[in-house]
Amino acid sequence: MDVGESNFDAAVLERSHALPVVVDFWAEWCAPCRQLGPILEREASKRAGRLELVKLDVDANPTLARTYGVQGIPAVKAFHKGQVIAEFVGAQPAAAVARFLDSLLPSEAELLAQKGDEESLRRALELEPGHSEAAIRLARIVHGRGQLEEALEILEKVRGSFAADGLAARIRLERAAAPDLSRAFAALDAGDNEQALDVLIEAIRPARGSRDEIRRVVVGVLDELGVDDPLAAKSRTRLASALY
């Protein structure tokens with residue numbers, strides 16, 4: 001598929017939220033491009049349905065080439081969730097192209113985590129004990145059954161996830177039963193993030209001994225909302241005010 005300035009956003013940036021999109025920046029006069037192109041197409045076809053390959057003529061689309069810093073061709077860039085996540089420049093042998101494409105595909109643990117049922121989530125964590133998505137989903141299932149200690153054990157293996165850290169903080173606060181944040185947690189479970197954040201942020205200033213745990217819960221919710229969410233932007237300002 002050929003892409004250009006008229007359809008790049010839809011065919012690459014938007015599409016990459018569903019699966020990886022690999023862009024081959026090339027030009028007709030470029031001999032290495034003509035060498036790499038068939039290899040890319042053949043290897044991408046072997047992974048059809050799991051990633052997509054598109055071609056962009058840099059001569060016809062100089063603005064896009066400049067936007068993505070293309071200085072030499074062929075240049076291959078992989079997009080995921082609207083961002084470049086991997087790239088290489090120059091013609092490559094088939095084995096190197098295959099390795100590059102395989103690196104973009106979800107692992108077995110990621111595929112299991114996407115299923116979301118308890119059996120799949122537990123299997124995912126057997127393969128990758130620190131897989132954040134699987135751990136958070138499984139911890140929520142276990143937490144929903146009232147098994148707080150097991151939920152904490154699942155989450156403590158995760159590193160670098162604000163969402164996991166926030167869920168663990170919530171469970172510790174529930175276990176302590178003070179301060180009483182049941183209204184906030186009920187709102188969270190009902191999907192009413194605005195009310196939950198209102199209650200949690202209001203509770204920070206008077207709750208001296210639990211301030212950091214409440215902050216962790218709030219940050220976890222904000223992380224799951226995403227940086228562009230209007231509620232998250234407003235709540236970050238309120239959180240900073242409550243803390244400082």
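A pocket here is an open set of points on a 1 Å grid over the protein atoms alone, where a 1.4 Å probe fits and protein lies on both sides within 12 Å along at least five of seven lines; a residue lines the pocket if it has an atom within 4 Å of a point. Grid points are joined across faces, edges and corners, and a volume is the space filled by probe spheres set on the points.

Before selecting anything, note that this is a predicted model: local features need pLDDT of at least 70, side-chain atom pairs count only at pLDDT 80 or more, and totals for chains, interfaces and linings use all residues. Residues are numbered from 1 along each chain as its sequence is written, and side-chain values use heavy atoms, with hydrogens and water left out.

**Stop 1: the largest pocket**

Select His80, Lys81, Glu110, Gln114 and Glu133. Of the 20 residues lining the largest pocket, these are the closest to its centre. The space inside comes to about 620 Å³. Now colour helices H4 (94-104), H5 (108-115) and H7 (132-144), the elements that give two or more residues to this lining. Helices are DSSP runs of H or I with at least four residues, strands are runs of E with at least two, and both are numbered from the N terminus. H7 gives the most, with 4 residues. By class, the lining has 9 nonpolar, 6 polar and 5 charged residues; Ala, Val, Leu, Ile, Met, Phe, Trp, Tyr, Cys and Pro count as nonpolar, Asp, Glu, Lys and Arg as charged, and the others, Gly among them, as polar.

**Stop 2: the second largest pocket**

Next, pick Arg140, Arg170, Leu188, Val221 and Glu224, which lie nearest the centre of the second largest pocket among its 14 lining residues. Which element gives the most to the lining of the second largest pocket? H12 does, with 5 residues. The volume is about 330 Å³, and the lining has 6 nonpolar, 4 polar and 4 charged residues.

**Stop 3**

Most residues other than glycine have a negative phi, and most peptide bonds are trans. Go back to Lys81, in the loop between E3 and strand E4 (83-89): its phi is positive, about 55°, although it is not a glycine. Lys81 is exposed at 52% relative accessible area (exposed means over 50%, buried under 20%, partly exposed in between, with a 1.4 Å probe and protein chains only).

Then zoom to the loop between H9 and H10, where Ala177 sits. Ala177 has a positive phi of about 65° and counts as exposed at 58%. In the loop between H9 and H10 you also find Pro179, and the bond from Ala178 to Pro179 is cis, with omega near 0°. Another cis bond runs from Ile73 to Pro74, with Pro74 in the loop between H3 (62-67) and E3 (75-80).

**Stop 3**

Leaving aside neighbours within four places in sequence, Ser210 is in contact (heavy atoms within 4.5 Å) with Leu173, Ala178 and Pro179.

Finish at Val227, in the loop between H12 and H13 (230-243). Val227 is exposed, at 65%. Draw a C-alpha to C-alpha distance from Val227 to Ala94: it reads 39 Å, across 133 residues in sequence.
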